[in-house]
Amino acid sequence: MASAGLAGVSGAACPLMRLVTMSSVPILQQLHLEERLLRCTPDNWCIINDSTAPATIVMGVSGRVSELVEIQPVLRDQVPVVRRFSGGGTVIVDQGTVFVTFICNKNAVTGLQPFPRDIMSWSGQLYGKVFDRFGEFHLRENDYAFSHRKFGGNAQSITKNRWVHHTSFLWDYDVKNMDYLKIPKRAPEYRLARNHTDFLCRMKEYIPSRSVFTDGVIAALGEHFSVQPMDLQAILSSHEEFVPSTKLVSQQDLEEIVSSKESFRV
Amino acid sequence: MALRLWARSAANALKLSGTGGARAAAAPAFSISRFFSTVHDGLKYTQSHEWVKTGDGVATVGITDHAQDHLGEVVFVELPEPGTTVSAGASFGNVESVKATSDVNSPISGEVVEVNSKLSETPGLINTSPYEDGWMIKVKPSSPGEADALLDAAKYTKHCQEEDAH
């Protein structure tokens with residue numbers, strides 16, 4: 001269990017939330033770090049990664065490559081494809097993406113049960129405090145949206161005593177990158193069969209700067225937690241024996257899918 | 001938070017009562033209902049919402065009606081291979097629902113002797129029949145009597161009520 005932090009306004013001790021901020025870290029490395037912190041530490045964590053490189057396709061744990069990804073262009077352009085440890089759908093992330101991840105003990109938020117919809121509801125309330133002044137913010141099904149246009153996609157992984165809620169925020173995106181993704185069979189109802197361009201929006205059209213956004217997240221967290229910045233390098237060197245399940249889909253696997261023309265989970 | 005959970009449970013109850021024929025057929029006569037989740041006598045339960053049915057040297061394991069209701073529609077199930085060793089309280093697999101993977105923990109220790117292969121094609125069996133067709137693994141227990149320390153139906157019901165009361 002995480003140690004208690006400083007007393008809040010009411011005098012009650014706020015749980016400690018360790019904050020890691022980084023920039024342009026490859027998404028595979030970020031996901032490996034998240035798995036390690038989830039499985040190997042007892043602490044609450046917030047990870048903010050502003051931008052990532054190279055542009056990478058990230059699928060959920062059960063995603064079928066042939067159903068979600070345009071494999072031929074991906075092979076042609078050598079776009080990395082990652083299968084992450086959490087559930088949810090497929091995204092392509094790049095320098096226009098800002099990532100925010102919460103890793104919490106199940107008792108970190110009083111009364112919050114470790115189930116997907118409960119965690120999503122709590123996150124929606126927290127992000128409402130960040131975004132309400134910039135636009136008509138909504139938690140729509142499992143997405144963050146301004147009006148009916150999505151700018152943040154979520155996924156979770158829940159263990160016996162801890163959970164991860166991570167979000168990829170579209171500060172900006174390259175519409176050409178969306179051509180690497182197929183429109184998924186399983187889509188939220190509010191999408192209404194819209195293509196990527198009509199369904200998504202860019203945060204930069206609503207918020208003055210990335211730092212205004214990330215500072216807002218840290219401030220909102222500070223209402224629930226005692227936020228303690230941490231040194232990234234110290235964390236990267238710990239628990240090196242842990243083997244994460246997030247994996248890069250190999251080029252050979254992608255080529256086999258193309259040659260077999262069968263849909264199977266790689 | 002409590003009001004939202006109650007409202008969702010009420011909505012599920014109304015939906016379930018609309019299809020009550022199929023659901024009632026799946027529930028044995030000895031089941032008892034508390035709030036909107038079904039709990040069966042004769043099973044043992046964990047605080048992390050798994051159930052175990054022991055008998056004839058093999059124990060059957062799954063997740064409870066309370067768990068499937070809170071998880072939402074299950075779209076994918078990851079199970080171990082037969083022959084795998086499981087430990088009481090430790091994860092043996094996971095289910096995916098509503099953008100989340102959720103670990104499923106074994107109530108007892110032992111060796112997996114059978115997994116429910118139907119769940120690969122029809123993961124929703126966990127939602128529609130959590131105690132019958134949605135069973136997940138069968139285990140040859142390594143510590144007979146280990147399940148005796150788990151929660152009975154009444155204690156598990158109380159545990160769920162306390163959790164939902166927050």
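Biologist: How many salt bridges does the rule find across the interface of chain A and chain B?

Modeller: For this one you look for a Lys or Arg side-chain nitrogen within 4 Å of an Asp or Glu carboxyl oxygen. Here the rule turns up 2 salt bridges between chain A and chain B. Keep in mind that this is a predicted model. One of the pairs is B:K99 with A:D143, whose side chains come to 3.7 Å, N to O.

Biologist: And which elements of chain A give two or more residues to the side that touches chain B?

Modeller: Those are α4, residues 116-131, and β10, residues 149-158, both of chain A. β10(A) makes the largest contribution to that side, with 6 residues. Sorted by class, the side of chain A that touches chain B holds 14 polar, 8 charged and 7 nonpolar residues.

Biologist: What does β10(A) join in chain B?

Modeller: To pair strands, look for at least two bridges between them. β10(A) has 3 bridges to strand β9 of chain B, residues 100-105, and the two run parallel.

Biologist: How many residues does the contact take from each chain, and what is the area buried between them?

Modeller: Chain A puts in 29 residues and chain B puts in 29 residues. About 2,300 Å² is buried between the two chains, with carbon and sulfur atoms giving 50% of that area. On chain A's part, A:Q113, A:F115 and A:R117 supply 27% of what the chain buries against chain B, more than any other three residues. As for polar contacts, the count between the chains is 13 residue pairs, both partners at pLDDT 80 or more.

Biologist: Now inside chain A. Is A:F146 buried or exposed?

Modeller: Go by relative accessible area, where under 20% means buried. A:F146 sits at 1%, so it counts as buried. This residue belongs to strand β9 of chain A, residues 143-146. Among the residues it touches beyond four places in sequence are A:F131, A:F134, A:F151, A:C201 and A:Y206. A:E136 is another contact of A:F146; their C-alpha atoms are 5.1 Å apart, although 10 residues separate the two along the chain.

Biologist: Why does A:T97 count as buried?

Modeller: Its relative accessible area is 1%, so A:T97 is buried. A:T97 lies in strand β7 of chain A, residues 97-105. Its contacts beyond four places in sequence include A:N49, A:D50, A:S51 and A:T52, along with A:S168, A:F169, A:D172 and A:R210.

Methods:
Residues are numbered from 1 along each chain as its sequence is written. Chains are lettered from A and ligands numbered from 1 in the order in which they are written. This is a predicted model: local features need pLDDT of at least 70, side-chain atom pairs count only at pLDDT 80 or more; totals for chains, interfaces and linings use all residues. Side-chain values use heavy atoms; hydrogens and water are left out. Contact means heavy atoms within 4.5 Å. Buried area is the accessible area (1.4 Å probe) that two parts lose on being put together, summed over both. A polar contact is a pair of N or O atoms within 3.5 Å; within protein, one must be able to donate a hydrogen and the other to accept it, and residues adjacent in sequence count only if both atoms are side-chain atoms. Helices (H or I, at least four residues) and strands (E, at least two) are DSSP runs, numbered from the N terminus. Ala, Val, Leu, Ile, Met, Phe, Trp, Tyr, Cys and Pro count as nonpolar, Asp, Glu, Lys and Arg as charged, and the others, Gly among them, as polar. Buried means under 20% relative accessible area, exposed over 50%, partly exposed in between (1.4 Å probe, protein chains only).
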